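Grab a pencil and let's work through a few exercises together. Each one starts with a task, and the solution follows step by step.

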Amino acid sequence: MITKEDIFRAAHQVCGYSKLGTPHVAFEDGGNWVLDNIQYPWETKSYNDGRKVFFTSDTHFWHTNILDFSNRPFDNVENMNEALITLWNETVGPDDVIYHLGDFCFCGQQKFTDIITRLNGKKYLILGNHDLKNIKRSWMEYFEDITMMAQIKVEGQLIYLSHFP
């Protein structure tokens with residue numbers, strides 16, 4: 001269960017101020033904790049219906065410097081993006097669930113839309129530090145949910161999800 005203390009710790013240690021210029025403030029709203037209108041549900045999502053559930057992180061679509069920072073084996077960011085999209089779609093089906101554990105992309109809205117609309121699956125985003133710098137409210141229409149952390153249960157196994165160790 002995500003506690004009030006977890007949310008405030010995340011808000012103060014991780015978020016700081018958003019690119020939109022407003023501070024990230026946590027407050028209670030009808031049993032959910034909300035951070036800049038991104039909700040943190042108390043309930044645990046359960047998957048026992050046979051759907052496949054996948055996890056990934058740090059794709060860094062359009063992040064040119066990640067090629068050197070992480071020694072990625074691509075000549076340029078366009079080739080990296082295409083390889084990641086191909087591998088994603090070969091692995092994740094249209095009805096599968098995929099949790100992206102942060103640092104999805106490093107780009108503007110149009111490039112974000114061009115990438116996200118090509119990816120299979122019911123997508124959930126757990127925010128990472130780069131997402132916090134780039135997130136736009138319009139991202140919410142492309143993800144089933146966007147949170148700082150989550151707790152889910154897959155075939156009886158409780159899993160805590162966060163970008164930050």
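Buried means under 20% relative accessible area, exposed over 50%, and partly exposed in between, with a 1.4 Å probe and protein chains only. The model is predicted, so local features need pLDDT of at least 70 and side-chain atom pairs 80 or more, while totals for chains, interfaces and linings use all residues. Residues are numbered from 1 along each chain as its sequence is written, and side-chain values use heavy atoms, leaving out hydrogens and water.

**Exercise 1.** Work out whether C105 is buried or exposed.

*Solution.* Start with the relative accessibility of C105, which is 2%. That puts C105 in the buried class. Now try C107: at 12%, C107 counts as buried too.

**Exercise 2.** Find how many disulfides there are.

*Solution.* First, the rule: a disulfide is a pair of cysteine sulfur atoms within 2.5 Å. Next, take the sulfur of C105: its closest cysteine sulfur, in C107, is 3.6 Å away, so that is too far for a bond. The count is therefore zero, because the rule asks for sulfurs within 2.5 Å.

**Exercise 3.** Say which residues touch the most other members of the largest nonpolar core.

*Solution.* Such a core is a set of buried Ala, Val, Leu, Ile, Met, Phe, Trp, Tyr and Cys residues joined through side-chain atoms within 4.5 Å. Then look around W139: beyond its neighbours within four places in sequence, its contacts (heavy atoms within 4.5 Å) include C105, F112 and I146.
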